[in-house]
Amino acid sequence: MHDKPLQILEGKPEINYPCEWEYRIIGEDIAKIQEAVFEIAPRKYDLQEKNKSSKGRFVSLHLKILVNNEEERNHIFCALKNHKEIKMVI
């Protein structure tokens, strides 16, 4: 078995805007997460339920939305991350 060497990225990846971006959102209540996304998202988006934790306490949703620039992408991320109904954003 041959191990492949790890590729190390230096600096920021190049992202060409506008582009579709995906946020993975984890929380406990689907309806409250949906409401939070509705409040935060600046335009039309796609939100899909993906996974539940083994005990069913947490749920993961994927938000796809067009972002116009890095500032907007980061703003959406921070607004989601800081919302009281959202436990984690990836």
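Me: Leaving aside neighbours within four places in sequence, which residues is V37 in contact with?
Reply: V37 is in contact (heavy atoms within 4.5 Å) with I25, Y45, L47, L63 and L80. This is a predicted model, where local features need pLDDT of at least 70, side-chain atom pairs count only at pLDDT 80 or more, and totals for chains, interfaces and linings use all residues. Residues are numbered from 1 along each chain as its sequence is written, and side-chain values use heavy atoms, leaving out hydrogens and water.

Me: OK, new topic. How many salt bridges are there?
Reply: Five salt bridges (a Lys or Arg side-chain nitrogen within 4 Å of an Asp or Glu carboxyl oxygen) turn up in the structure.

Me: Which residue does E72 pair with?
Reply: E72 meets R43 in a salt bridge, 2.8 Å from N to O.

Me: Is E72 buried or exposed?
Reply: E72 is buried (under 20% relative accessible area; exposed is over 50%, partly exposed in between, using a 1.4 Å probe and protein chains only), at 16%. R43 is partly exposed at 28%.

Me: And what does R73 pair with?
Reply: R73 forms a salt bridge with E70, at 3.8 Å from N to O. They're three residues apart in helix α2, so about one helical turn separates them. R73 is buried at 14%, but E70 is partly exposed at 31%.

Me: Last one: where's the cis peptide bond?
Reply: Between Y17 and P18, with omega about -10°. P18 is in the segment before β1.

Terms used:
Helices (H or I, at least four residues) and strands (E, at least two) are DSSP runs, numbered from the N terminus.
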